[in-house]
Amino acid sequence: MSDQSRGDDWASLSLSEDEMRRLGYAVVDLIIAYHRSLGSQPLVNAPDCSAHSVDIQSSSPFPEVGQAPMQVLTKVKEAVLADMIHVSDPRFFGYIPSPGNFVGAMADALASGFNVFAGTASHCRGPTQVETACCRWLASLAGLPDTAGGTFVSGGSVANLTAVVLARHRILGDSIADARAYCSDQTHSSLDRAFRILGFGNNQLVRIPSDTDFRADPEALWSRLRTDRAAGLRPFLVIGNLGTTSTGAADPLGALAEIAVTENIWLHVDAAYGGGALLNPHKRAEFADVGRAHSVTMDQHKWFFQPIECASLLVRDMSWLHEFFHATPSYLKDSAAAEEGINYRDHGIQLTRGFRALKLWMSLQTFGVQAFAAAVEHGLRMAEEAESLLRARPGWSIISPATLGIVSFRFEMVGLGELALDRLNESINRALVSEGKAFTTTTELRGRKVLRLCTINPRMELRHIRQTIGRLDAIARQLTNPH
């Protein structure tokens, strides 16, 4: 029977056993080949890849009659997956990389293949136990008490949004008039978005200037809190960072915790990036004050090396999530009892929710915690090596030294003004990325355009850093002395 004549047979949206096996094996082989190619293929695909995107978005993108699965997979390989940047590549130094790992990818395949609904304990005891075990382990890593727990979400943006919801509810009673929250000027933009979503005004999230190390300034925060209280405003939340995007800076969380206790306000720690550093015993001791927070965001698709999407919100008392989010309409009463475990549908925004925790659980079971800790240590060391290499080259200035796997720097030239230097560093970055052999990004620190490297990919080698810095240096000198 030809593929074109199988429209009726495929109405059940099913494939034969042989077709499923051939497609499944082909997909796994494709993923394996991709992982084996990381570090050797171009990071930014050839310019002619954009032509495939036009085909995908054509006026009739979906056929009335189905095609052979292998034909569709070929189209995905050649048109869809060929037109993207490879964030798992060890030469991807931009933003905060999401390196992923193969076991996590297979866990995603299992969760999708079994179509797990990870919302109701009585319907999914095994998945519920896995998520609970992961949340308790993460909470313990953060130093939170035995009453703590959490929930898995898509990423740091949703985790931060959920944290603000809880703070608003428990401190303000959901009344936001005259409310104020505080963070440093290095805090992630997801917090601005969370406040807009929840109906706060633009002036209700107050950004306090950071200190010379790009950390929150407790004295400046104290001063602003006193001023706002005297004006009749209602402070309810302070946000601390463990690993900012631009520099990897960690705020003085102990001082922020003292402010939160004294002022009776909520302390949220955004450790979306830096939470992975807690796998390192020395960093865990250094950041022990994370355990004083009311809520903590961690992204497992960053420094816990999981495929996108995977993150968690941890809370000091698990009952806080249930208190706000639980809802029991008539059609859910049959499964409302929680004797089997936690109904995670009642502990977050989503009712229908996937099984994100499986990839972290399977990865930890396969590799062990010590392997993850070693991978974190490797990322810390690679940033220090990058800083050392940059300091050894004339013309390069370290703007923010290696901190939690991030180093920020820029090329400076006597006689050029600030605007010209900003443009020069933008040009250096743009030229490097256009070569397709490494990917870096820029940011702004104290009004200056700087380049940055984030070195957390465990597959990264020192040669990748040497090659990238060598190319940055060569480009800088070519741009400043083309003859």
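**Whole chain**

I began with the secondary structure of this predicted model, and I found 15 helices and 11 strands in the protein chain.

I then turned to overall dimensions, where the C-alpha atoms fill a box of roughly 75 × 70 × 45 Å along the principal axes. For 483 residues, a compact globule would have a radius of gyration near 23 Å, and I noted that the 25 Å of the protein chain agrees with this.

I looked up burial next, and buried residues account for 49% of the 483 residues. The accessible surface of the protein chain comes to about 22,300 Å², and 53% of that surface belongs to carbon and sulfur atoms.

For contacts along the sequence, I took those between residues at least 6 apart, and 76% of them join residues at least 24 apart.

**Helix 5 against helix 12**

Two packed helices are described by the angle between their axes and the distance between the axes, so I looked up both values for one pair. I recorded that the axes of helix 5 (residues 125-141) and helix 12 (residues 357-367) come within 9 Å and cross at roughly 70°.

Which residues make the contact? From helix 5 I listed V130, E131, C134, W137 and L138, and from helix 12 I listed A357, L358, L360, W361 and L364.

Conventions. Residues numbered from 1 in each chain as written. Predicted model: local features only at pLDDT ≥ 70, side-chain atom pairs only at ≥ 80, totals over all residues. Heavy atoms only, no water. Axes fitted to C-alpha atoms, helices over the stretch in contact; angles between N-to-C directions. Helix = DSSP H or I, 4+ residues; strand = E, 2+ residues; numbered from the N terminus. Contact = heavy atoms within 4.5 Å. Rg over C-alpha atoms; globule rule 2.2 N^0.38 Å. Buried < 20%, exposed > 50% of the residue type's maximum accessible area, 1.4 Å probe, protein only. Areas by Shrake-Rupley, 256 points an atom, 1.4 Å probe, with all protein chains shown as cover.
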